[in-house]
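Subject: Handover of a structure and its findings

Dear colleague,

Please find the sequence and structure below. My account of what was found follows directly after them.

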Amino acid sequence: MLIFKEIKPFQQWLGNQRKNEKSIGFVPTMGALHEGHLSLIRKAQEENDLVVCSVYVNPTQFNNAEDLAKYPRLLEKDSLLLEEIACDVLFAPTDTEMYPQKPSIQFDFGSLEKVMEGAYRAGHFNGVGIIVSKLFHIVSPDKAYFGQKDLQQFLIIKKLVEDLFFNVNLVLCPIAREESGLAMSSRNQRLNEEQKQLASHLFKALQIVQEHLKLHKNPSLAEQAGKKYIADFQNITLEYLEITKADSLQKLSEVKTTTEEVALCIAAIIGGVRLIDNILCDF
Ligand code: AMP
């Protein structure tokens, strides 16, 4: 596997691959890789000649300095995992390489960034917009792979690609889960076993909401049922549990008989670690 830390030699190599008409699949990550990330890379390998994975903990998308400082950084281990699954290239730039100067550009994603993650993490999606734009310009991938785990991020990036004519096809991949149902996340490394067990109740709450919606078709009652389930766990601090339209993430007021896709989304803090999860479904 090739490892690039600098943009220039990486782009030279990419240019040569393009001359040879190789298609490039791209998986951007913040590292501390787990099976969720690897599932994206495998999917990219199925659909492209070459796969690039980037590992970069992007400071501009963190609204909380402690969260940034505590984010796991395991580049050596990540690099071994990527070698093992035969990823072609790891791009692992430094902060000075990615941000030679503080960006002054500001993104506004409208109503999409006013809810959920956007509402709780001021400036987060601006940082996502900046780093993904930079990475797409550097890599110019044919296809880029993202996890449904960060559904709102995917919709923001879709908007970015549509509005700015990025020439890339986006692929949304399913959420990889532990046996307990807990959505895999780099942040899970900061939880002890007991906290991980507790964290699996976030997915259970979403399943309860889904069942309730299926039976009673009443979003507001289904939301209450999910919140009531979580309220029984003292050490889970719920930030939001929302039933939304999957394409806009705006609150769903009624379940229509058509097959409109619905997103059930949750965010909560356990042991100081912020976790998110979601289910996509229709009725
Ligand atoms: P991150 O390193 O957390 O920024 O994630 C990098 C990419 O991996 C994003 O597109 C995430 O949505 C995706 N990802 C993270 N966790 C999972 C998971 N459990 N299943 C599938 N994809 C995931």
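I begin with the ligand and its contacts. An oxygen atom of the ligand lies 2.9 Å from a backbone N or O atom of Met30. Please keep in mind that this is a predicted model, and that each value given here was computed from it.

A polar backbone atom of Gly147 is 2.9 Å from an oxygen atom of the ligand, and a nitrogen atom of the ligand lies 2.8 Å from a backbone N or O atom of Ala176. On its own, the ligand has 490 Å² of accessible area, and the protein covers 94% of this area.

Which residues are the closest to the ligand? They are Met30, His37, Asp150, Ala176 and Met184, out of 16 residues that surround the ligand. By class, this shell holds nine nonpolar, five polar and two charged residues. Three elements, namely β2 (residues 24-29), α2 (35-47) and β5 (143-147), each supply at least two residues of the shell. Of the elements, α2 gives the most, with three residues.

The next matter is the space inside the protein. How many cavities of 30 Å³ or more are there? The count comes to two. The ligand sits in the largest cavity, which holds about 870 Å³ of space. Its lining is made up of 50 residues, and those nearest the centre of the cavity are Met30, His37, Lys149, Asp150 and Gln153. Elements that give two or more residues to this lining include β2, α2 and β5, together with α6 (116-120), α7 (124-139) and α8 (151-163). The strands β8 (262-270) and β9 (273-281) also belong to that list. The largest share, six residues, comes from α7. In this lining, 26 residues are nonpolar, 17 are polar and seven are charged.

Among the residues that line it are Lys149, Leu182, Asn188, Leu275 and Asp277. The lining divides into six nonpolar, two polar and two charged residues.

Finally, there are the pockets. The largest pocket holds about 250 Å³ of space. It is lined by 18 residues, of which Val55, Tyr56, Val57, Arg73 and Pro93 lie nearest its centre. Twelve of the lining residues are nonpolar, two are polar and four are charged.

The second largest pocket has a volume of about 210 Å³. Helix α3 (residues 65-70) gives the most to the lining, with three residues.

Yours sincerely,

A colleague

Conventions:
Residues numbered from 1 in each chain as written. Predicted model: local features only at pLDDT ≥ 70, side-chain atom pairs only at ≥ 80, totals over all residues. Heavy atoms only, no water. Near = heavy atom within 4 Å. Polar contact = N/O pair within 3.5 Å; in protein donor to acceptor, adjacent residues only side chain to side chain. Areas by Shrake-Rupley, 256 points an atom, 1.4 Å probe, with all protein chains shown as cover. 1 Å grid on protein atoms, 1.4 Å probe; cavity = no way out; pocket = protein on both sides within 12 Å on 5 of 7 lines; lining within 4 Å. Sits in = over half its atoms within 2 Å of the grid points. Helix = DSSP H or I, 4+ residues; strand = E, 2+ residues; numbered from the N terminus. Nonpolar A, V, L, I, M, F, W, Y, C, P; charged D, E, K, R; others polar. Points joined across faces, edges and corners; volume = space filled by probe spheres on them.
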